[in-house]
Amino acid sequence: MNEPAPPREAAPVTVARDIDTGRIIARGGDGLTHGILERTFFLREVHGTTWHRMSPTVLPSDQAAVAQLAVARLQAARYRVEADAEYATETTQDRYVTDGRSIANLAAAIRDAASPAEVSDRLEEVTAAHDGILAALEQLLHSLAAVYDGLGGPADRHIAARMRFLAEHRLGPITTDLLHTRAELADRSTAPARPGTSLPAAPPAAPAPTASGRTR
């Protein structure tokens with residue numbers, strides 16, 4: 001019979017309503033704690049220490065349920081959670097595989113690759129035009145710019161311009177460098193990048209014409 005996994009060694013996480021502000025606040029834990037909270041409608045605050053407050057986008061009628069969800073996700077990750085009675089729960093909820101985790105898994109696969117050719121192959125997901133990781137990040141920045149274009153505040157057009165600047169003048173050089181890196185790694189080897197695969201066979205040569213114009 002499998003024994004339950006021991007709790008993490010990180011400091012306990014507290015989830016409670018702040019008496020002074022009335023906000024639901026979460027404190028403690030580590031980097032993974034922060035990621036779980038930020039994916040459960042909490043906003044990160046860094047003032048000497050890192051802590052989280054529930055987003056004002058959560059309706060008052062939903063706040064207790066959202067706090068319970070955060071507690072359940074933290075408990076599924078084996079954190080010790082000390083919560084107000086209103087937010088405490090015995091349940092757990094496993095986290096889904098996030099986009100960030102998928103990219104971290106890709107980074108691990110690159111780190112553990114057996115050859116330069118395999119690294120080049122892994123980079124295809126990063127550098128692919130139109131729907132690669134970098135292309136998607138560029139779309140995200142332009143989408144944020146469009147949002148600020150529509151807000152109409154005094155500083156909003158400057159923020160929109162900053163988003164476009166990041167997409168066009170910061171992300172572009174990274175993409176160029178990684179495209180060059182992928183090609184350089186691929187050129188170091190002619191072996192197939194993925195184990196067990198082979199390059200497609202070359203098409204057969206066209207038949208040579210004879211003097212009469214007929215093919216042999």
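A search of the whole structure, which is a predicted model, turns up one cavity of 30 Å³ or more. A cavity here is a set of points on a 1 Å grid over the protein atoms alone where a 1.4 Å probe fits but cannot get out. The largest cavity holds about 70 Å³ of space, a volume being the space filled by probe spheres set on the points, with grid points joined across faces, edges and corners. Its lining (residues with an atom within 4 Å of a point) is made up of Ile36, Arg39, Thr40, Arg73, Arg95, Tyr96 and Thr98. By class, that lining splits into two nonpolar, two polar and three charged residues; Ala, Val, Leu, Ile, Met, Phe, Trp, Tyr, Cys and Pro count as nonpolar, Asp, Glu, Lys and Arg as charged, and the others, Gly among them, as polar.

Stepping back to the fold, the protein has seven helices and five strands, running β-β-α-β-β-α-β-α-α-α-α-α along the sequence. These are DSSP runs numbered from the N terminus, with helices (H or I) of at least four residues and strands (E) of at least two. Of the 216 residues, 25% are buried, meaning under 20% relative accessible area with a 1.4 Å probe and protein chains only.

Leucine 37 sits in helix H1 (residues 31-38) and is buried, with a relative accessible area of 1%. Leaving out residues up to four places away in sequence, leucine 37 touches Ala26, Phe42, His52, Ala70 and Leu74, contact meaning heavy atoms within 4.5 Å. Leucine 37 and alanine 26 are eleven residues apart in sequence, yet 8.1 Å apart in space, C-alpha to C-alpha.

A note on conventions: residues are numbered from 1 along each chain as its sequence is written. In this predicted model, local features need pLDDT of at least 70 and side-chain atom pairs count only at pLDDT 80 or more, whereas totals for chains, interfaces and linings use all residues; side-chain values use heavy atoms, with hydrogens and water left out.

Technical notes: Buried means under 20% relative accessible area, exposed over 50%, partly exposed in between (1.4 Å probe, protein chains only). On a 1 Å grid over the protein atoms alone, a cavity is a set of points where a 1.4 Å probe fits but cannot get out, and a pocket is an open set with protein on both sides within 12 Å along at least five of seven lines; lining residues have an atom within 4 Å of a point.
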